[in-house]
Amino acid sequence: MEKLTNFFWWCSGAHQDTLGNYPAEGNKYVGIGATIFFTGLFAALSGGYALYFVFSGDGGAIGYAVLFGLLWGLAIFNMDRYIVSSINKNASASRQFLQATPRILLAVLIGIVIARPLEIKVFDKEIRDQLRVTYLDRQRASIDTLNHAFDSKYTIELGKITELKAERDSLEATIKADRLKLKLETFGEKTVETSGIVGYGPYAKQRQADLEKQEQYLDTLRSTIRQREAFIQQRKQFEGLMDERLLTGAQLDSAVNRAGFADRNAALGDLKYHSDGTVNSSNYWSITFIMLLFIFFECLPVFVKLMSARDAYDIALKDRQAVDIHRSGKDRDAEMAIVDGVYDSKVQRGMDKHKAQLWED
C-alpha cells in the first residue's frame, strides 16, 4: 500500500518528501493522483481503439493501436498532472480561478476527445445497424444518380421507346376489340358494326384481313421495341450501370466491418436523429450524458484542487519554495561576490606586474 500511495502521490504532482510529513493530507492527493492515472488509462484505451479503425485491415493494426494508445495515454496523463500541480493554493480564490480557467477549458476539450472513441465502442451494435442503413442509402443514391445521368444522355432513344410502347398498347387493344367484332360477325349477331349474317361471309373475311394486317404491324412494332431495348441494355452494360447492385447481407456485413473511424463517428452522430430529421431523445441524451461523464471525470482533479481548503501541506510547500528562492538568491550573491573577488585579484596582479615593469625601466 505504501508503494501504491507513493505512486498516486507522484501522479498528483505532489512533492512527496513534503507531503510525507503531513499524513492527514495524504488521502486527498491519493484520490487526485488516482483520478489522473485512470484518466490517462481511459485516454490510452480511447486512442488505441480509435487508431485501430484507422489501420483496420492492416496486419499491424493491433501493434499500431497499442503503441499509439500508450503514447496518447501518457501525453494526457502528463498534461493532467501538470494542470493539477500548477494550481497555486497559496494564491487568492479569484487568482486560483483565473489560473484554473484555461486548464478547465483544456480539460473539457480532452474529455470530449477521450469520450468519442469510447462512445463509439459503447454504441457499437447500434452503429453497425446505422452503417448498414447508411451504406444502402448511399448506394441507392449512387445508382439513382447514374440512372438519371443515363436517362439524360439517351433521352431521345428512351422517348422513342416510350412512344412505340404506347402505340403497341393501343394497337393491342384495337386488335382485341376487332377480334370480338369478327366473332360477332361470324355468329351473325347484329350490332351497329356487324351485318348480322351468320357464317364466314365477305364482311367477316374483310375483318379477318384487316386483323391480320394489324397483327403483322404489331409484330413489327414489337420487334422494333426489342431492338431498341437491346441497344439501351448494351449501352447500360458499356457504361457500367448493369454492374451496380445493392450489397447483399454478407457483403454489407463485410463493408461494416471495414468501416473506418470517420464513418463510425458519422454513424454515431446520425443515431441522435430519426430518419425524418427529428431528434431521437433516447439516443441523444444517452450519448450526451456519456460525453458529459468523461468531461466531468477529466475536470474532477482540477475541481478537487480548487474546492479543497489551504492545508498544512500547501503552507509547508510555500515555505519550502520561499526557502528555495532565498537560497537561490544567496547562492547568486555568493557567486557574484566570488566573481568580483576573482576579478579584483586579477586586476591587482595586473597592476603589480605593470608597476614592476616600470621600476625596471
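**View 1. Helices around the second largest pocket of a predicted model.** Helix H1 (2-12), helix H3 (26-54) and helix H4 (61-85) each supply at least two residues to the lining of the second largest pocket, and H4 makes the largest share with 5 residues. Helices here are DSSP runs (H or I, at least four residues), numbered from the N terminus. This is a predicted model, in which local features need pLDDT of at least 70 and side-chain atom pairs count only at pLDDT 80 or more, while totals for chains, interfaces and linings use all residues. Residues are numbered from 1 along each chain as its sequence is written, and side-chain values use heavy atoms, with hydrogens and water left out.

View 2. A pocket is an open set of points on a 1 Å grid over the protein atoms alone, where a 1.4 Å probe fits, with protein on both sides within 12 Å along at least five of seven lines, and its lining residues have an atom within 4 Å of a point. The second largest pocket holds about 160 Å³, a volume being the space filled by probe spheres set on the points, which are joined across faces, edges and corners. Among its lining residues are Phe-7, Trp-10, Phe-37, Leu-41 and Phe-77. By class, this lining has 8 nonpolar, 3 polar and no charged residues, where Ala, Val, Leu, Ile, Met, Phe, Trp, Tyr, Cys and Pro count as nonpolar, Asp, Glu, Lys and Arg as charged, and the others, Gly among them, as polar.

**View 3. The largest pocket.** The largest pocket has a volume of about 220 Å³ and is lined by 16 residues, of which Ser-85, Ile-87, Lys-305, Leu-317 and Gln-321 lie nearest its centre. Helix H12 (residues 312-360) gives the most to this lining, with 5 residues, and the lining as a whole divides into 5 nonpolar, 7 polar and 4 charged residues.

**View 4. Crossing of H5 and H10.** The axes of helix H5 (residues 93-122) and helix H10 (residues 261-270), lines fitted to C-alpha atoms over the stretch in contact, with angles from 0 to 180 degrees between N-to-C directions, come within 10 Å and cross at roughly 80 degrees. H5 and H10 are therefore roughly perpendicular (65 to 115 degrees). Their contact (heavy atoms within 4.5 Å) includes Arg-116 and Ile-120 of H5 and Arg-264 and Leu-268 of H10.

**View 5. Arg-264 in H10.** Arg-264 lies in helix H10 and is buried (under 20% relative accessible area, 1.4 Å probe, protein chains only), with a value of 1%. Not counting residues up to four places away in sequence, Arg-264 touches several residues, including Phe-53, Ile-120, Asp-124 and Asn-257.

Technical notes
Parallel < 35°, antiparallel > 145°, perpendicular 65-115°, else oblique. Buried < 20%, exposed > 50% of the residue type's maximum accessible area, 1.4 Å probe, protein only.
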